Amino acid sequence: MPGIEKLPIEETLEDSPQTRSLLGVFEEDTAAMSNYCSQLYQAMQRIYDAQNELSAATHLTSRLLKEYDKQRFPLGGDDEVMSSTLQQFAKVIDELSSCHAVLSTQLADAMMFPITQFKERDLKEILTLKEVFQISSDDHDVAMNRFSRLSKKRDNDKLRAEAVEDVYTSRKKQHQTMMHYFCSLNTLQYKKKTALLEPLLGYMQAQISFFKLGSENLTQQWEDFLGTIGTSVQNVRREMETEVGQMHETIQEMERSCDPLYVPCDPDPAHSPVCRNLTRKQGYLHIRNKTGLVSSSWERQYFFTQGGNLMQQGRGEVAGGLVTDLDNCSVMAVDCDDRRFCFQVTSFDGKKVVTLQSESRRDCDEWISTINNISKRIYLSENAEELAARVNQSALEAVTPSPSFQQRHESMRPSSKGRAGRASSISSVGSELSPALSVLSLDALVAPETPIQFDIISPVTEENSGQSKTAAQSGRRSNPFGESGDSTSEDSEDSILHQLFIVRFLGSMEVKTPESVDIISETMRQILAARAIHNIFRMTESHLLVTCDCLKLIDPQTQVTRLRFPLCTVLQCSSHQDNKRLFGLVLQPAGGPGDSRAVCYIFESNNDGEKICDSVGLAKQIAFHSEMDRKAVEKRKETDKAKEKQQEELSKQKQIEKDLEEQSRLIAASSRPGNPPAADEQFLVLSNSQSEDSDAGEEGKKKGESEA
C-alpha cells in the first residue's frame, strides 16, 4: 500500500501557523472520513436490514407452503401432486431460510461490528481530543497574555511567579495534548484503511459461507482473493502497531527534552547563547497597534522574515502579510512603559515605525541581530552566515538606542536633486513615455512614442468659445468645456436606452490597429505599468451615460458633459480577463474609417465592467435596428410615391383613351349626311385633343428626364 501521511510530532512545541495549517488539513480529512464512514454505515445497515428481512420473508414463505394443505379453496379440491410438490419446495426454502439466518448472524458480527466500532469509538475519540486541544490552546493564550501584561515598573515577585507557573502549566498541557492529538490523527490514517477493508472482508466471507452451503464450485476462487485481502489487512495492522510504538517513544523523548522550554524566561546563557549571525528568523511576537491618538493595543502574531521583508501571519490565515521592508532599515531596543523586551523597526524613509515585543531578552537580541543583518542585505550573499559574523559588532551596537538616529536617516534619504528629477519625470508623464515604459510597448499594436493621457482634457475651441460668449450674452449658463448646461437632456431625451455608471478614468493613448482583439488588454497593461512606474494614483471620477446615440462622460458635481463619444465611432468595448472592473473603449478618429489609428480609453468601474460593455453593445444593436427601421420607412415612402405617380399616369392614359374614343365618335357622326355644321366642332375637338396629347407628351418627357 502507498505511504501514510503523518503529522510531525517534533514541531508541536513551536506551534507555528504552518503546523496549524497542516493540522487543519488532517482535520478536514478526518471530517471527510467521518462523513463518508456515516454514509457507508447507513448503506451496510440497509444490507443487514435487507438480509434480516429476506431471512424472515423466506421463513414466512416456507411456513405458508407448509400450510397449503390446511387451506380450503372452493375450486381447488384435493390435489395431492400439488401438495407434495409444495411440501418439497417448503423443505428446500426452509433450508434456505436457515442459511439466510446464518448469513444475517455473520453479517452482524463480521460487517456491522467493525464499522460500528470505528464510527462510535475511534472517530468520537478524535473529536474529544480536538475539543481538549482547543481548550488547552485557549488556556495557553490566556496565560501568555497575562504573562505579557506584567508591569515593568511595579514588579511583584508573587504575581510574576504565578504568571510563570500558569504559563508553564498551560504550555505543558497544550504540548502534551497536541502530541497525543497528533498521534491519534496519525493512527487514524491507518485505522481508516482497516475500518473500510474489514467490513467488506467480513461481508464477502459471509456471502461465501452462504454460497458454500449450496455450491462448492466458487469457494476456491473467492478464498484465494479473500486470503490476499486478509494478509494485507494483517500487514497494515502490524505496521500500525509499530508506528504507534514509535510515536509513543517520540512523545516521551519530546516531553523530557522540551521541559525547560516551557518556561518563558531566559534559559541558561551557557547552554543557549544568543546567535547573532542569523539572516532568517520566525516566531511569535506582540505588535503594537494604535487605537487612538494616545491609546494603543498589543496583538500576538506569528512573524517571519522572507528575503528583505518582515511578514506576519495570524492563525487560520493561509499566507502572511507584509509588515515592513527591512532593506536599509533601522532596528533598536526601546523602553516601553507597559511592556518588556521591546524593540523598534523603522523603515528606510522613517515614515513607518513598528514596535514589537518578544518573549525574552535572548529572543529580543536575536531578532535585533537578524533584522540588522537583513538591513545590510547580507542575505543576498552566498555565505550569509560568514558575512553576518563579520558585522557582528554593528549588530551589537544596534541593540542600544542610537542618539544619532535622525541623522542616520537624513544621510540615508535621497538627495534633493534626485527628488527633483523624480518630480520632473512624474510631471512629464502625460506628454512623453519613460524609457522603461517604452520597452514594454508593442509596436505591432500601439503607435511608437505615443504619449499617455492620464487626465480628461476637453480643450475649448474658438467656435465653442464663441458659443459660450453668445450664451453668456443671452443669459444661458455655459460650462468651461464649451457645452451648454441643457445639452445632455436635449441629446438623450429621445433615446430608448439610458444607463448610468460610475467610472474612473485611468488613461488613454493612440493605437495603430483598432480592429485587433488584444489591443485593449495591451493598452491596459501599458497604462497600468506607466501609473506604477511614475506613482500616479489620482483618478478622475465621472458618470458614464450610455444612450442609443452616444456615450457621455458627465461631471458628477456640475453635471457638465466632459466628453461625448458618438456611438458610431465605438469600434471595440471589452473588459479585463482577470480584473472585471477594468474595461476599455476603442474609438474611431475624426478622419473616419480610412484612418488606421484610433484612441483607446481605459476606465475602472465600481461594478462589473462586462455589464458596461454589454450595455454599449445593446446600445449599438438598438441604434443599428433603429437605422434599419428608418431606412425601411424611407424606402416604403418612396415606393408609395412611385405607386401614386404610376396611378396618376394610368389615370391620364385612360383620360386620353376616353378623349380619343369621343373624338372618333364625333368623326363618325360628322361623316353622316345631313350634318355639315359638325366640321367646325370636329376641328375644335381635334385641336383640343391634339393640344392635350402634346401637353401629355411634354409632361411624360419631363417626367422621364427627372426619373433619369
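Reader: What is the pLDDT over residues 394-442, and how many contacts beyond four places in sequence does the model have there?

Author: This is a predicted model, and over residues 394-442 pLDDT stays under 50. For that stretch the model has 68 contacts beyond four places in sequence. Over residues 675-692 pLDDT also stays under 50, and there the model has 11 such contacts.

Reader: Where in the protein is confidence lowest, and where is it highest?

Author: It is lowest in helix α9 (residues 416-427), with a mean of 34, and highest in strand β7 (residues 353-357), at 91. The protein as a whole has a mean pLDDT of 75, and 74% of its residues reach 70 or more.

Reader: How do you know that the length of helix α5 agrees with its number of residues?

Author: Helix α5 (residues 361-375) has 15 residues, which at 1.5 Å a residue should span 21 Å. The expected span is 1.5 Å times one less than the number of residues. The C-alpha atoms at the ends of α5 are 21 Å apart, so the two values agree.

Reader: Why is α5 called largely enclosed?

Author: Buried means under 20% relative accessible area. Of the 15 residues of α5, 13 are buried, so the helix is largely enclosed by the rest of the structure.

Reader: What caps the N-terminal end of α5, and what comes just after the helix?

Author: S360 is the cap: one of its side-chain oxygens lies 3.3 Å from the backbone nitrogen of D363. The cut-off for a polar contact is 3.5 Å. Just after α5, R377 takes a positive phi of about 60 degrees.

Reader: What makes the phi of F341 worth noting?

Author: Most residues other than glycine have a negative phi. F341 is not a glycine, yet its phi is positive, at about 55 degrees. F341 lies in the loop between β5 (330-334) and β6 (342-346). Q559 is not a glycine either, and has a positive phi of about 60 degrees. Q559 sits in the loop between β10 (550-554) and β11 (561-566).

Reader: Why is the pair of F505 and Y601 called tilted?

Author: The ring centres of F505 and Y601 are 6.2 Å apart and the planes are at 50 degrees, so the pair is tilted. F505 lies in strand β8 (residues 499-511) and Y601 in strand β14 (residues 598-605), so the pair ties together parts 96 residues apart in sequence. F505 is buried, at 2%, and Y601 counts as buried at 14%. Ring pairs link F505 and Y601 with F565, F583 and F603 into a cluster.

Note on methods:
Residues numbered from 1 in each chain as written. Predicted model: local features only at pLDDT ≥ 70, side-chain atom pairs only at ≥ 80, totals over all residues. Heavy atoms only, no water. pLDDT = per-residue confidence, 0-100. Helix = DSSP H or I, 4+ residues; strand = E, 2+ residues; numbered from the N terminus. Contact = heavy atoms within 4.5 Å. Buried < 20%, exposed > 50% of the residue type's maximum accessible area, 1.4 Å probe, protein only. Polar contact = N/O pair within 3.5 Å; in protein donor to acceptor, adjacent residues only side chain to side chain. Phe/Tyr/Trp six-rings, centres within 6.5 Å; stacked < 30°, edge-to-face > 60°.
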